[in-house]
Structures are given as C-alpha cells and as structure tokens.
Amino acid sequence: MYTEFFNFKTKPFELVPNPQFLYPSDSHRKALNHLEYGLKSRAGFILLTGEVGTGKTTLVNRLLEWLQKERVSTAFVFNPRLSVSQFFDFMMADFGIPCESRQKSQVLLKLNQWLLDRYQAGERAVLIVDEAQNLSPQMLEEIRLLTNLETSTEKLLQIVLSGQPELEHKLNQPQLRQLRQRITLRAKTRPLTHEET
C-alpha cells in the first residue's frame, strides 16, 4: 500500500541485503574502499566486521557486484555451519570447478591447478565467507591453509571473512594466531550517525 502512495518502484524495506539500497555512509564507503583496495592489491586475507544490522552482508553483495564487473572469479559461502568436506564442496561448486573426487587431497590439487590457470591468464579469484563468526576454529584453520596456495611472489586466492565482532574475539584465541597474522586489512561497518539517519 505504501509503495503506491509514495510512488515507489520497489519495496524499500525488505529484509534482504539488496546492494541497490546500500546507503553510502562514511563507514560503509571506507569499508568498501578498504575491501576493493585489498582485493586489487592481492592483499591475501581481509577481515570485515560490524554489529548485527550494520550492513555487512549488503556491503558484501555490493562487493560481489564490483568483482563481477572486474571479471574476478568468486565463491561466496553464506552458511558457515558446514563440515570441512561440505565447505570445500560448496566452494568448488561456486567457483565452477568440477571435481569428481571427494578426497581432500584431490580437491586441493584441482583447486591449486585452477588457481594457477587463473593466475597465468592474469585473472584473480576471491573466496568470501559471510557470518564467519560461526566458523569453528578447525574450519578457520582450514581456510587459513588455503592461503598457502601461492606462487613465489603472490597469493593465488584472496579471502574475505565477514562477521560480527565475535569473529575478532575468536581470532584472538592462541590457536588461531597464525591466521590472525595473515590478516592484512581490516574493515568495519558502523551504525549510522544521527546526521546520516
């Protein structure tokens, strides 16, 4: 009813992270600039954090649109409550990499060769994991090990972890210090200020 009254073309208050409705607040612009810069410069691991409802997933969807325009291969894992084998199956399928074997060694060999092919063609690949605060320490370590896929000069796979502030607390655990050391860029979304609202 209000869409007709206000002559809206689409419903503006849906509970989906539509990047069309991303308000470019100061914190969102800075976060998006950090993400784009990090991915352009092949920074490796990038962390995006923010409280519930501050637009992280909407920002990630805007980032995915940008990556598509840049012709970057992406895999977007939006459900982190997967086993290791399910995570790898999902990632490989989203990258569009066929793999008949379910053995981890074979999956990693196939992924490594695909990433090398992308690299030799001058292309990039990005893995984005949303709701990453729900990842187990074991799964975070598996993701960290993916950054070992590299040439002598560059990482073959760039990874963006997006999650609530609990993710930062989880990364401060002693057993995740190797992952913490590999995070090269950190971005944050913040609630809108009074003026922005």
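How many residues does helix H3 have, and how far does H3 reach from its first C-alpha to its last? H3 (residues 56–69) has 14 residues and reaches 20 Å, close to the 20 Å expected at 1.5 Å a residue.

Some ground rules before going on. This is a predicted model, so to speak a computed one: local features need pLDDT of at least 70, side-chain atom pairs count only at pLDDT 80 or more, and totals for chains, interfaces and linings use all residues. Residues are numbered from 1 along each chain as its sequence is written, and side-chain values use heavy atoms, with hydrogens and water left out.

Helices (H or I, at least four residues) and strands (E, at least two) are DSSP runs numbered from the N terminus. The expected span of a helix is 1.5 Å times one less than its number of residues.

| Helix | Residues in helix | Reach, first to last C-alpha | Expected span |
|---|---|---|---|
| H3 | 14 residues | 20 Å | 20 Å |
| H4 | 12 residues | 17 Å | 16 Å |
| H5 | 17 residues | 24 Å | 24 Å |

Start with H3. Its buried residues (under 20% relative accessible area; exposed is over 50%, partly exposed in between, with a 1.4 Å probe and protein chains only) are Lys56, Thr58, Leu59, Val60, Asn61, Leu63, Leu64, Trp66 and Leu67. They pack against H2, strand S1 (45–50), S2, S3, strand S4 (158–163) and strand S5 (183–189), where contact means heavy atoms within 4.5 Å. Just after H3, Arg71 takes a positive phi of about 60°.

Next comes H4 (residues 84–95), where Val84, Phe87, Phe88, Met91, Met92 and Phe95 are buried. These residues cover an arc of only 125° around the axis, which puts them on the same side of H4; the arc is that of the directions from the helix axis to the C-beta atoms. The partners of the buried H4 residues are strand S2 (73–77), helix H5 (104–120), strand S3 (125–129) and helix H6 (137–146). After H4 you'll find Gly96, with a positive phi near 80°.

H5 buries Val107, Leu111, Trp114, Leu115 and Arg118. Seen down the axis, these fall within an arc of 100°, so they line one face of H5. On the face turned away from that buried side sit the exposed Leu109 and Gln120. The buried residues of H5 pack against S2, H4, S3 and H6.

Glu100 and Asn7 are 93 residues apart in sequence and 51 Å apart in space, C-alpha to C-alpha.

Ser25 lies in the loop between helix H1 (2–5) and helix H2 (26–40), and Ser25 is buried, at 2% relative accessible area. Leaving aside neighbours within four places in sequence, Ser25 is in contact with Leu192 and Glu196.

**A pocket**

The second largest pocket holds about 150 Å³ of space. Val52, Gly53, Thr54, Gly55, Lys56, Thr57, Thr58, Asp130, Glu131 and Gln164 line the second largest pocket. That lining divides into 1 nonpolar, 6 polar and 3 charged residues. A pocket here is an open set of points, on a 1 Å grid over the protein atoms alone, where a 1.4 Å probe fits, with protein on both sides within 12 Å along at least five of seven lines; lining residues have an atom within 4 Å of a point. The volume is the space filled by probe spheres set on the points, which are joined across faces, edges and corners. Ala, Val, Leu, Ile, Met, Phe, Trp, Tyr, Cys and Pro count as nonpolar, Asp, Glu, Lys and Arg as charged, and the others, Gly among them, as polar.
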